[in-house]
Structure formats: C-alpha cells, structure tokens
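Here is a colleague's note to read beside the model. Keep the structure open and find each residue as it comes up.

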Amino acid sequence: LEIKNAPLIPITETVIYPGISTRIYVNDDIGNNIKELIVKNNTLAIGLSTKDYKGLVQLTADSFYRIGVLMKFDNIQKSDTGYIIDITTINRVKVYDFTFEEKQITASYADQEDIMDITEAEEQEMIVYIKGLMKDLSTKFKGTEYFITILDGLLSLEELMGYTVPMMGIPLKSKQGLLEVDSIKERALNFIDYIIREKDSV
C-alpha cells in the first residue's frame, strides 16, 4: 500500500466521482487555497466530501468521509460568491490522516482500487439500460435537452455516474455510499436502483 500526501479540498453539499471533467463552486477560503496551490504549481489535490460544513477553520477529521477522489485543477476563476474551479477527477482514494494548518488541510492517502467484476459487454448493456432510464426520467422535467446531449456522449459507467449522481435528488450520504462501493457491478446496480426510485417518485 503506497501512502502519499496531497492538499485536501473540502467538498461541500455534494460528492464528486472519478473519471470526469467537471466544474465545482467553492467559497473564498477554499478558492484562495486552490489559487495558492496552482501558483506553487501543485495542481493535484484530494476532493473529499464533508458531512457537515460550518467553515474551514471549524473542520476536524470527524467532519469528513474517508473515500474521495484525486483531482487535477484545470482552471480557476472568480465568481460573485467565491470561485469556479474546472477539475478533472482521476481515481478514488482513501484518506488515512489529516494535518490541519491555518487555512490549509493536507491528507495522507492511498489509491482505493475498484473491483473490476463486469465484462465489457455487461458494461455496455448497463450503459444502454441506464441511458434509457435517464431519458425516461428527463421527460418529466423541462429544459433537459442539453442534459440528453451530454448523456448521449458518455461512454463508460464511471462517466455516467460522475455526471448524473451529483444532480440526483438523493441524500448526500447515499451519494457518498455509492462512491464507497468497490465492486463496479454492485455500484452500477445500486445506481440503477436509485434512478428507478427517483423515476417512480416524480
């Protein structure tokens, strides 16, 4: 088990998944940290969801879940309420320890390996089925044409989950629980369950 260290970025009110390029919105404190990291040429960090965010200085080890993602900063820009960060997420990681400095958190972590327990054919079958479910679900909402265009271009289960789970109306704890499942097959089946439940509830 190779233990490494990286800066830690608290992810609030959502969970981010590996294998995608996406955008996150952060407050000034977190955004200023990221800006400093980029200036120092450190573009890799861990994105780890908080159970309950009350401000950067109030965070402790107990504030965080333990499974997150390694991510790369692609771009940062100021917004009215903080910063908009473009990121590419790489893989799942498990955090073991935290170091809290004045306004920066560092974590020791190791890669969290996926259990590759589905064939390529099974994955493709699941992708087709999930896209069908998502399209059915999207007919219940207005203005989803852009989402459908994005959905059509997603080629892996990882991408599908990465783009759609954060938007789903399921509790943060459930989104995190899905990220923590090591088995690719089990993660995908649980994801399908959530889509069906969401579809039935609207």
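**Notes on rings, charges and surface**

1. Start with S63. Its relative accessibility is 12%, so S63 counts as buried (buried is under 20% relative accessible area, exposed is over 50%, partly exposed is in between; 1.4 Å probe, protein chains only). S63 sits in the loop between β3 and β4 (strands are DSSP runs of E, at least two residues, numbered from the N terminus). A polar atom of the S63 side chain lies 2.9 Å from the backbone nitrogen of T60.

2. A word on the source. This is a predicted model: local features need pLDDT of at least 70, side-chain atom pairs count only at pLDDT 80 or more, and totals for chains, interfaces and linings use all residues. Residues are numbered from 1 along each chain as its sequence is written, and side-chain values use heavy atoms, with hydrogens and water left out.

3. Now the rings. A pair of aromatic rings is described by the distance of the centres and the angle of the planes. Rings of Phe, Tyr and Trp (its six-membered ring) pair if their centres lie within 6.5 Å; planes under 30 degrees apart are stacked, over 60 edge-to-face, and the rest tilted. How many aromatic pairs does this rule give? The count is two.

4. F64 lies in the loop between β3 (44-49) and β4 (67-79), and F98 in strand β5 (residues 82-100), so the pair ties together parts that are 34 residues apart in sequence. Both F64 and F98 are buried.

5. F98 also pairs with F100. Their centres are 5.9 Å apart and their planes at 20 degrees, so this pair is stacked. F100 is partly exposed, at 36%.

6. Next, charges over rings. A charge sits over a ring if NZ of Lys or CZ of Arg is within 6 Å of the ring centre and within 35 degrees of the ring normal. The charged end of K51 sits over the ring of Y65, 5.7 Å from its centre. K78 lies over the face of Y83, at 4.8 Å from the ring centre.

7. Finish with Y96. Y96 lies in strand β5. Its relative accessibility is 38%, so Y96 counts as partly exposed.

Note on methods. Helix = DSSP H or I, 4+ residues; strand = E, 2+ residues; numbered from the N terminus. Polar contact = N/O pair within 3.5 Å; in protein donor to acceptor, adjacent residues only side chain to side chain.
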